[in-house]
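I opened this model to look up its cavities, its pockets and some of its strand pairing. My entries follow in the order in which I worked.

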Amino acid sequence: MSTEQNVRNGGRAVVATLAAHGVDTIFGIPGTHNLEFYRHLPEFGIRAVTPRHEQGAGYGADGYFLVSGKPGVVITTSGPGLTNVITAAATAYAESRPMLILSPGVPTGFERADVGMLHETKDSSGAVGHLLVSSQRTRTAEGAAQAVAEAFAMFDSARPGPVHIEVPLDVLEGAWNGSVPVPFAGRRPGLDDHVVSRAAEAIRAAKRPLIIAGGGARGAHAEVARLIEALDAPLATTANGKGIVSETHLLSLGSNVRFPSVQAESAAADVLIVLGSELADSDLWGGVIGAQTSIGVRDESAGQTVIRCDIDPDQLNKNLPGDVLACADTSEFLTALMNALGIGNDSAASANDDGTDSSERHGSAASAKESGADRVARIRETWATDFDFDAIGARVTRLVEAGAGSTVVISGDSSQVTYDGTVHALTASTPDQLLYMPGFATLGYGIPAALGAKVADPERPVVCILGDGAAMFSIQELMTAAELGLGIPFVIVDNGGYAEIEGQMVERNIEPFAVRLARPDFAKLGESMGGAGVTIAEADINSALPQAIAEALDRTVPTAIHITVGH
């Protein structure tokens, strides 16, 4: 048994700092070079979740963050362990989600040495740094601990994203004589009072305001709800903003910014408020938000005022130039804005100085031709032409929700059943109910992300819905779920391969090839991994799927539910 003196090393410096920042779970795979991280985890009460691939560790950490609100932490070994997690880390960058990745590195003095050491990599930190927010190769145990503290401060004060810290082997295993860095608050952008006043002035004159909220507004759900009610303004969200306000709310247009009817309404708004979103094409599917003649080109004849808020100044004019730009945390900006408008915490429509109701003051309730709720109802009536709610993905999503209940967390993938189904068909009440990555659109996300979500909240119903092609990217993580005793239903909608790509081939007059794939019997595969398995034909899903979901959630092992489509 090692003595305390022997284990007061760089690994302990890093793990003690993780614990000081509230980390209780890490995702990763032990390897020859990272064992001095692992040595200290039990002492500090940090649970190690071991997926079957480092990419699964990264996606699991992302799902963990989306449900727990705490940054996901991944520990890899050097070389291939780190390179395996890069796709997951790049996903976190594209979706602006916090992730901390810790890895060993070649010993000090062996940088770019090319001497054939185990897992030797030419320049790990340099390579990873080009894809993430930052990558730092530390020089001392004290520096490694400080780098961890700085990463957590950044997560709380800037546009979040993945950070990599490389600890050279000699530093990881060498002496640590410092202390644990005290957590400190990062420096958020300060609010400009003049910007708040200009935004309030524009809103007071608004007759047809509309609000768009993205992933950067997830932490401001209470403030967003107060604002839309006070302004009587419809709210539409991106996929990453889904559930910021309950989609049963009379003013909610759901996560449907891609729908032509929602885009048309955004063009007709006299004041458009965009919160925490770059308005990416991955959400808009070739369309535009706001009165624009093309992406980034405003239609000045429309007379529209665009108010944008984002914690990252580089996001404020992306894809839609703004008139009033607030570089700030969304909740802080909305709090200041509502104070300027005289909107109190006790009610959404409080009295103004002139005695009028705030909704009348903003010209969007009794004084307007059409109330916010009426606008939402009118837009919803057109959705049958915007989206096929009877497609298999939408049907499966509604049936899963029926079997799991309204609080269900659904993990999706870059599958048609997700982006042409769950994103729009799930009725989310909270901003943690959809685990998805619309920007990076990576296959293999859904299964490990569901695992991470269930680890974060074991009592919450978590279901994964994905296609057969996506499932095969990370099917090995069913074994991880079985090992952890996680009762997650994995609903695999099997249409025989990459059906969307096949359709694109046909559209381009390419004879389809390489897209019709052999698949396993997913139900039997689930059973072979220590879980349960169910096969349901598409014709039987209405009667069989809700019950299969309910039964699966009662198990302490995962269930592979294989839905055969058109077989």
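I looked up the largest cavity and found a volume of about 70 Å³. A cavity here is a set of points on a 1 Å grid over the protein atoms alone where a 1.4 Å probe fits but cannot get out. Grid points are joined across faces, edges and corners, and a volume is the space filled by probe spheres set on the points. The model is predicted: local features need pLDDT of at least 70, side-chain atom pairs count only at pLDDT 80 or more, and totals for chains, interfaces and linings use all residues. Residues are numbered from 1 along each chain as its sequence is written, and side-chain values use heavy atoms, with hydrogens and water left out.

Which residues line the largest cavity? I noted L66, R97, R218, A239, N240, K242, P431, D432, L434 and Y436 (lining residues have an atom within 4 Å of a point). By class I get 5 nonpolar, 1 polar and 4 charged. Ala, Val, Leu, Ile, Met, Phe, Trp, Tyr, Cys and Pro count as nonpolar, Asp, Glu, Lys and Arg as charged, and the others, Gly among them, as polar. Domain 2 (193-343 + 372-380) and domain 3 (388-564) each give at least three residues to this lining; the domain bounds come from an automatic or database domain assignment.

The search of the whole structure returned 3 cavities of 30 Å³ or more. For the second largest cavity I have about 50 Å³.

Next, pockets. A pocket is an open set of grid points with protein on both sides within 12 Å along at least five of seven lines. The largest pocket has a volume of about 960 Å³. I count 44 lining residues for the largest pocket, with F65, S96, P160, G215 and G216 nearest its centre. The elements giving two or more residues to that lining are α4 (54-68), α7 (141-157), α12 (281-284) and α13 (330-341). Helices (H or I, at least four residues) and strands (E, at least two) are DSSP runs numbered from the N terminus. The classes in the largest pocket are 17 nonpolar, 16 polar and 11 charged.

The second largest pocket holds about 590 Å³. Of its 31 lining residues, S414, S415, Q416, Y419 and E500 lie nearest the centre. Which helix gives the most to this lining? It is α18, with 5 residues. I also noted that α12, α18 (416-425), α20 (468-474) and α22 (499-507) each supply at least two. The lining of the second largest pocket divides into 16 nonpolar, 11 polar and 4 charged residues. Domains 2 and 3 each contribute at least three residues to it.

Last, strands. I found an open sheet of 6 strands in the order β2-β1-β3-β4-β6-β5, with parallel pairing (two strands pair if DSSP finds at least two bridges between them). Its edge strands are β2 (47-49) and β5 (134-137), each pairing on one side only. Strand β1 (residues 25-28) pairs with β2 over 3 bridges, and the bridge partner of I26 in β2 is A48.

I also looked up β18 (residues 532-537) and β19 (residues 559-564), which pair in the parallel sense over 6 bridges. T535 has H562 as its bridge partner in β19.
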